[in-house]
Amino acid sequence: MAKAFNEALESGKFVVTAEVGPPKGVDIEEMKHHIEILKDTVDGLNVTDNQSSVMRISTLPVCRLIQEAGGEPILQMTCRDKNRIALQAELLGAYILGIKNVLCLTGDYVTVGDHVDAKPVFDLDSVLLLEAIKGLEQGKDFAGNEFTGEARPTFCKGAIVTPEANPIEPQLLKFEKKIKAGAEFIQTQAIYDLDNFKKFMEYARKFNVKIMAGIVLLVSAGMAKYMNANVPGIFVPKDLIDEMAGAEKGKALAKGIEIAGRMIKTLKDEKICDGVHIMAIGKEDKVPDILAAAGLA
Amino acid sequence: MIVAERKPFEEIKAMIEGCKKVLVVGCGECVSVCMAGGEKEVQILASQLRLAFEEEGKELEAGETTLERQCDKEYLEEIKDKIDDYDAVISMACGAGVQFLAEMYDSKYVYPALNTQFIGVAEREGEWSERCRACSDCVLAETGGICPIAVCAKGLLNGPCGGTNDGKCELSKEKDCAWTLIYNRLNKLGKLDNIREIFPAKKYSVQTTPGRRIHEAFKEKE
Amino acid sequence: MWVDYTKGLLEESGIAPDRLKMFNLSSSMAPKFKEAVDEMTEVAKKLGPTKIVSKAA
């Protein structure tokens, strides 16, 4: 049985989380296999919410499957598809199933996904969602109505930040609002430049929040260049691109694992932040290898 | 002003399939300014329909007229004698004008020639951009005169989102990130504190559908 | 820009856009005018008649 995520955060250990992306459809064999590999290697397992606005199995039942398998799920909740009524209903439903860890996100826009004509909701944003959760913990819903009965939920609530957003000032202003709204843990967008990340952490350290650096496994130099050109807030420095490009033929993935492992080890040894969130994007079976490369297996 | 654009020609032509006499009615206000449904556009559409029908060996008589505006009964009444001569009407007004014309002349089918798009401004000749969503709860005082509902793709009140990139929106390098614009404007005005506090959620109950407003002076006394 | 726009309107109406072309001439350029007329006559011949009957005739 996995330890509760908030206990892992409070224990002061170097926390590791990874993520599972549910499939489109009902063939869950591969997903169950990923859950099996990951559930005991990490302190928390995120389940993405229609990631990139591509319709997939919803997060709550997948969190339940992780829980039944003995893992510790983290429910990712975006504001793209559900209004405030549906969001709160989902949170209460998660809580009664024992799912208490929630990562609050605004969500990608509808047109970047595969249902471009769907109606975008965005009734709330990540900040207001965190506030809504705070309210539920006090027995009040977003409209101020009191709960029936005495029971009150407690959630372990998190948010995200992009440490290399450009410009950075509006991002930091929003980061502070997320903390004000009750964020207890932060998973960052993927970082590659540890010097820049250290500078961000100097600023972020003054807030009472646990910060986990986002690690995205590089599989090729082409992937790094693609992300630099197309993904906001991700900057893979030239020396890492060169290192990936210089890998032996057929060994690019192994190089990516080595780089990820090295970064995680540095973050841990130099106590730069409180943990890491590993996004293996399709290569979930390599997460144990990454942890081994980091000396964390 | 209201900004609209003409529907694809094929779509309009298909609407009046089987008609022999149509009246094309333009509007002299917003849609004239944004070059979608004014007098010139009425002439163009009527000519195109005549040419297209004739090229297919069919007859079409297309009458042309442009009203001051179609959202006022006073002007719509001007066509009451003319309209009986026609099988159908094509209105080149915005959605509101089309409906008002259809309501007044409900024994004639009224077709819309335009797709009404947004409330916006003229950036330069031939180019208009959206600025207002008519949300009935204007927050421009807090955001330094930049609307997050109309300009932010996601309509966020606590932005920016994680997709913002170099001041541009996640959707396209051509779209500005509203919240970067708001940040910069408030910074310039020394009013960043406006957005340091958490902006409360939007109140959608004030946006009734359909909306209705009665001026105080015209309200009936109890 | 407006000529291209008008060609588009013609095309929408089912008329070949090549039937319209803009020539910049002054009244003293008679040979150039003849060239333009010859060119457009060729275009019209190649495209064949439209069904449109000129009402001005």
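Two residues are in contact if their C-beta atoms, placed from the backbone, lie within 7 Å. By this rule, the contact between chain A and chain B takes 28 residues from chain A and 23 residues from chain B in this predicted model. On the side of chain A that touches chain B, helix 5 and helix 6 (169–180) of chain A are the elements that give two or more residues. Helix 6 of chain A supplies the largest share, seven residues. Sorted by class, this side of chain A holds 13 nonpolar, seven polar and eight charged residues.

Chain B also meets chain C. Here, eight residues of chain C are in contact with nine residues of chain B. The chain C side of this contact is made up of three nonpolar, three polar and two charged residues. As for confidence, chain C averages a pLDDT of 91, and 93% of its residues score at least 70. The model as a whole scores ipTM 0.91 and pTM 0.92.

Attention can now turn to the interior. In soluble globular proteins, nonpolar side chains tend to be buried together. The largest nonpolar core has 98 residues, and the members that touch the most others are Leu129(A), Ile186(A), Ile215(A), Ala260(A), Ile278(A) and Ile290(A). Helix 5 (residues 126–137) of chain A gives the most to this core, with seven residues. A second, separate core contains 42 residues, including Leu23(B), Val25(B), Ala62(B) and Val89(B).

Four strands of chain B form an open sheet in the order 3-2-4-5, with parallel pairing. Strand 3 (61–67) and strand 5 (109–112) of chain B stand at the edges with a single partner strand each, so one side of each has no neighbour in the sheet. From one strand to the next, the twist averages 25 degrees.

Strand 2 (residues 21–27) and strand 3 of chain B pair in the parallel sense over seven bridges, and Leu23(B) stands opposite Gly63(B) in strand 3 of chain B. Two helices pack on this sheet. Helix 3 (residues 39–55) of chain B touches strand 2 and strand 3 of chain B, and its direction makes about 170 degrees with that of strand 3. Helix 5 (residues 95–104) of chain B touches strand 2, strand 4 (88–91) and strand 5 of chain B, and its direction makes about 175 degrees with that of strand 5.

Key
Residues numbered from 1 in each chain as written. Chains lettered and ligands numbered in written order. Predicted model: local features only at pLDDT ≥ 70, side-chain atom pairs only at ≥ 80, totals over all residues. Core = buried A, V, L, I, M, F, W, Y, C linked by C-beta atoms within 7 Å. Buried ≥ 20, exposed ≤ 12 C-beta atoms within 10 Å, placed from the backbone. pLDDT = per-residue confidence, 0-100. Pairing = 2+ DSSP bridges. Axes fitted to C-alpha atoms, helices over the stretch in contact; angles between N-to-C directions. Nonpolar A, V, L, I, M, F, W, Y, C, P; charged D, E, K, R; others polar.
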